[in-house]
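Good morning, colleagues. Please have the sequence and the model open as I speak.

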Amino acid sequence: MQMLSQRYRQLIGRCALLLVAGMALQFLWGNVNPSFLTYPWSLVLVVNYLYLLVLLYAKQDAWKFVRGWYDRPAYIVSLSCMLVLTLLFGMIRQDGSAEGLWGWMGFTSMSSSWVFVLFLVHFMSILGLKAIDDVHHWKQRRWSTVLMHASIFIILVSAIFGSGEKIRVRVSAMQGHPVSVGVTSDGRQVELPFMLRLNKFTLEEYPPHIYLFDGERLSEDFLVVDGEGFGGDLGAWKVQCLEYLESAGRMSEDSAYVATEHVGATTALYLKATSAQASAEGWVSQGSFLFAGSTLALPDGRELVMPRREVKKYLSEVEVFEGEDKHVFQISVNHPASLGAWKIYQSGYDSSKGRWSTTSVLECVKDAWYPAIHVAMWTILIGGVMMFLVGHKKKKK
Amino acid sequence: MSWDSFIVYALVSALCWIVGAALAFRGRRRGALGITTMGSLVFLAFIVGMWMGLERPPMRTMGETRLWYSFFLSVIGMVLYQKIRYKWILGFSTLMSVVFVCINLFKPEIHSTTLMPALQSVWFVPHVIVYMFSYAMMGAVTLFALYLWFRKSPEEASCKELAVCDGLVRIGWAFLTLGMTMGALWAKEAWGDYWTWDPKETWAFATWLSYLLYLHLRPANQNQNFLFAWLIFSFILLQMCWWGINFLPSAQGSSIHVY
């Protein structure tokens, strides 16, 4: 017992040294800048790191200082440190501020602070040694444990050593205009190895929602109006849609909306509201960047209003030119296009123009380590299912 | 089916669960299991009806996730009762299920039928269901730990009782891992990053680490007070991840997991 507490004291001392080292590096160099981790240096470093881990594992009997690097107390202390740091991470606002003690320690941008990165590398190394040990003694281990340790290790290695190679740029593509330059989050321009051209942008919306508005806030209840005849009760009012125009416009001098396919056309509903005491009818529209919106004033001082319709789906049809090759992709949220190590994501559009937007905001992401992480993630899923299936059963010795 | 029908289904389910718990307490196992199953099926029928009525999975809002939590708690309570035969287990799982049913009755938070584009993914349903199952599992093990810790009998928890705790945490942690990994794969497809240290993700990681620590501490640690306290601490972290971050000043305005 005494030996055990001495061992824990040693390990806590090691972590204290790591903390001091992290703070010193933070003080000297500021946040971790992973930009040096690009090919081929990232590959050289990862190969050497893995070789070192295997070497340490192989020599643990001969090299006294390696003994116990991945024993139970070691990973318990390492896990505990990671938990404490993650809790701090969760409780401190991550705004990158340099003010105060947390800012000075880099904890306001925790994922790039030296302390966090050093502890993560420490945790990864213990896990790596454990994973090698698992593979070495796989017959005595649960398969789920072997898979979990190995795949979490692969994810950490890929995420840390691949962090400098990741490129993420935003591209605003205007319909018909080719574009081959993206902008990073810090405003730096990056030339893409391909050219994009937006052929078509389409946006689908949910049916209009009608609310009561008392001058300050919208009612909690609402009506979904999906065509003529749709209606229902809204507070004390019975509301019915007498006319539904999906694409409509109204000139400023007119009071009524008319059907039109003009650019900027908006949705307009002719509603009738009746209560026990009164009734009112008129046009309600969300309006657009071109045509004015409209609300229906009720005799009780409230109004029937149509907020901007919620977006169901938006999709960009994009041509991508890569040298002599031309590819055509349909890109929407959750359905990115793949082009070698690059993926192109649907990110946004000109929201002021809604479905009439001719600009699509795309994000191009290069992630060379994607295959390794992806395989490791699926391996975790397999490990998780296996862990569930074996549940509480103990491995037979 | 609309939310207006919830009160009927909720009352029938809660009644079945309460009667089931009472029968279990009197040692009438078959009757308890039968009537609790009936309650869970009625509740599931409402969830399926809502799914069809909304024309989307009822998993978007906090109120909708509470529906799944109540349902899974009742199912896990039954499985545990069948497995370890403690007469009070159904009572505890019923109490928790009914509390969440009541929250939904008084604060439904289920309104819109819309589903934003980012949520329209094949990962949406498995991610939420797996997480809710895991949360329910961890809820059950927390109740069990509280019982073992504070029960009147002076004896310490037996090896069998601790093994039940370990088994529940192991399965719950496996599901936490599955949910987190599915979320990461989904995030990659939706936004291009597996992990962005969003406040929700940070607290999910802390919860995951905490239960992982329990699993690693357990074989070498026989201090039951410490183990039970750790399970309760982990469950508090889980609550922070589920709904607590909505009230955490450091997370305000910086999370994309807003619902």
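Predicted model: local features only at pLDDT ≥ 70, side-chain atom pairs only at ≥ 80, totals over all residues.

Residues are numbered from 1 along each chain as its sequence is written, chains are lettered from A and ligands numbered from 1 in the order in which they are written, and side-chain values use heavy atoms, with hydrogens and water left out.

I begin with the surface. Phe27(A), Leu28(A), Trp29(A), Leu101(A), Trp102(A) and Trp104(A) make up a nonpolar patch with about 770 Å² of accessible area together. Helix H1 (2-29) and helix H4 (100-105) of chain A are the elements that give two or more residues to this patch. Helices here are DSSP runs of H or I with at least four residues, strands are E runs of at least two, and both are numbered from the N terminus. A patch takes residues with over 30% relative accessible area and no salt bridge, joining like charges within 9 Å and nonpolar side chains (Val, Leu, Ile, Met, Phe, Trp, Tyr) within 5 Å. Areas come from the Shrake-Rupley method with a 1.4 Å probe, and for residues only the protein chains shown count as cover. Trp104(A), in helix H4 of chain A, is partly exposed because its relative accessibility is 41%; buried means under 20%, exposed over 50%, and partly exposed in between (1.4 Å probe, protein chains only).

A cavity is a set of points, on a 1 Å grid over the protein atoms alone, where a 1.4 Å probe fits but cannot get out; lining residues have an atom within 4 Å of a point. The lining of the largest cavity includes Leu73(B), Trp88(B), Phe92(B) and Phe144(B). Helix H3 (62-84), helix H4 (89-106) and helix H5 (124-150) of chain B each supply at least two of the lining residues.

What of the charged pairs? The count is 19 salt bridges over all chains, each being a side-chain nitrogen of Lys or Arg within 4 Å of a carboxyl oxygen of Asp or Glu. One of them pairs Asp71(A) with Arg7(A), with 3.0 Å between the closest N and O atoms. Asp71(A) sits in the loop between helix H2 (41-58) and helix H3 (72-91) of chain A and Arg7(A) in helix H1, so this pair ties together parts 64 residues apart in sequence. Asp71(A) is partly exposed at 25%, while Arg7(A) is buried at 16%. Arg141(A) and Asp134(A) also form a salt bridge, at 2.8 Å, and both are buried. Salt bridges with shared partners join Lys166(A), Arg168(A), Arg170(A), Glu363(A) and Asp193(B) into one network.

Finally, the backbone. Most residues other than glycine have a negative phi, and most peptide bonds are trans. Tyr39(A) and Pro40(A), however, are joined by a cis peptide bond, with omega about 10°. Asn334(A) has a positive phi of about 75° and is buried at 7% relative accessibility. Glu55(B) likewise has a positive phi, of about 60°, but is exposed at 74%.

Technical notes:
1 Å grid on protein atoms, 1.4 Å probe; cavity = no way out; pocket = protein on both sides within 12 Å on 5 of 7 lines; lining within 4 Å.
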